[in-house]
Amino acid sequence: MSLLDDLYREIILDHYRNPRGRDTLDHPDIVQEGANPLCGDELTLSLKLGDGKIERLRQDGHGCSISQASASMMAETLRGLSLEESEALMRQVKAMLKGESHDPLPDDLEDLAALEGVRKYPVRIKCALLAWTTLEEALKRIK
Ligand code: ZN
């Protein structure tokens with residue numbers, strides 16, 4: 001395993017062991033559930049909206065390290081973003097995971113780049129995508 005793989009693995013395991021934003025909200029505006037039956041990953045997103053932004057986002061779920069790390073990274077990254085910015089980021093990450101885009105992610109999102117490594121393991125891509133497809137469903141309900 002290369003040095004880079006080790007580094008990516010460390011980032012993913014850190015998010016898995018210390019998940020960011022792991023909680024549920026008391027009075028969420030939107031609750032969206034998602035699942036990846038291929039692996040048994042489950043995720044619930046709770047969103048509180050305000051002023052055209054995702055004011056708070058909490059994620060709660062269980063499953064493999066990649067699915068849970070991806071949700072943790074998402075919770076950390078979306079904090080305070082506008083709905084448009086959130087949607088743009090969601091599209092960019094989905095394209096990266098599916099191998100449709102090779103545009104580098106912004107520097108402050110370098111944790112997310114660790115997920116790029118899953119492209120080598122097609123069966124795990126759906127694990128990494130779960131958080132983002134669940135977010136996509138949540139955002140659809142806002143419009
Ligand atoms: Zn999984």
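A residue is called buried under 20% relative accessible area, exposed over 50% and partly exposed in between, with a 1.4 Å probe and protein chains only. By that rule Ile125 is buried, because its relative accessible area is 16%. The structure is a predicted model, in which local features need pLDDT of at least 70 and side-chain atom pairs count only at pLDDT 80 or more, while totals for chains, interfaces and linings use all residues. Residues are numbered from 1 along each chain as its sequence is written, and side-chain values use heavy atoms, with hydrogens and water left out. Helices (H or I, at least four residues) and strands (E, at least two) are DSSP runs, numbered from the N terminus.

- Two packed helices are described by the angle between their axes and the distance between the axes.
- Axes are lines fitted to C-alpha atoms, for helices over the stretch in contact, and angles run from 0 to 180 degrees between N-to-C directions.
- Helix H3 (83-98) packs on helix H5 (residues 122-142) at an angle of about 150°, and their axes are 10 Å apart.
- The two helices H3 and H5 are therefore roughly antiparallel; angles under 35 degrees count as roughly parallel, over 145 as roughly antiparallel, 65 to 115 as roughly perpendicular and the rest as oblique.
- The crossing of H3 with H5 is left-handed, a term for a near helix turned anticlockwise from the far one by less than a right angle, with right-handed used if the turn is clockwise.
- Contact means heavy atoms within 4.5 Å.
- On the H3 side the contact includes Leu83, Leu89, Met90, Val93 and Leu97, and on the H5 side it includes Ile125, Leu129, Trp132, Leu139 and Ile142.
- By class, this contact of H3 with H5 holds twelve nonpolar, two polar and four charged residues.
- In that classification Ala, Val, Leu, Ile, Met, Phe, Trp, Tyr, Cys and Pro count as nonpolar, Asp, Glu, Lys and Arg as charged, and the others, Gly among them, as polar.

**Packing of H2 against H5**

- Helix H2 (residues 65-78) and H5 have axes that come within 8 Å and cross at roughly 35°.
- This crossing of H2 with H5 is right-handed.
- Ile66, Ser67, Ser70, Ala71, Met74 and Leu78 of H2 meet Arg124, Cys127, Ala128, Ala131, Trp132 and Leu135 of H5.
- The residues of the H2 and H5 contact divide into nine nonpolar, two polar and one charged.
- Ser67, in helix H2, is buried at 2% relative accessibility.
- Apart from residues up to four places away in sequence, Ser67 touches Asp41 and Cys127.
- Ser67 and Tyr16 are 51 residues apart in sequence, and their C-alpha atoms are 8.6 Å apart in space.

**Residues of H5**

- Ile125 lies in helix H5 and touches Leu97, Val118 and Arg119, not counting residues up to four places away in sequence.
- From Ile125 to Gln59 the separation is 66 residues in sequence and 19 Å in space, C-alpha to C-alpha.
- Leu130 also belongs to helix H5 and is buried, with a relative accessible area of 4%.
- With neighbours within four places in sequence left aside, Leu130 contacts Gly34, Ala35, Asn36, Asp41, Glu42 and Leu43.
- The C-alpha atoms of Leu130 and Glu42 are separated by 8.2 Å, although the residues are 88 apart along the chain.

- Gln59 is placed in strand E3 (residues 53-62) and is buried at a relative accessible area of 0%.
- Beyond residues up to four places away in sequence, Gln59 touches, among others, Pro19, Arg20, Asp23, Leu43, Thr44, Ala71 and Ala75.
- Asp51 sits in the loop between strand E2 (41-50) and E3 and is exposed at 76% relative accessibility.
- Most residues other than glycine have a negative phi, and most peptide bonds are trans.
- The phi of Asp51 is near 60°, a positive value in a residue other than glycine.
- Gly99 is in the loop between helix H3 and helix H4 (110-113) and is partly exposed, at a relative accessible area of 31%.
- The C-alpha atoms of Gly99 and Leu109 are 17 Å apart, the residues being ten apart along the chain.

**Cysteines**

- A disulfide is a pair of cysteine sulfur atoms within 2.5 Å, and by this rule the count is zero.
- Cys39 is partly exposed at 34% relative accessibility, whereas Cys127 is buried at 0%.
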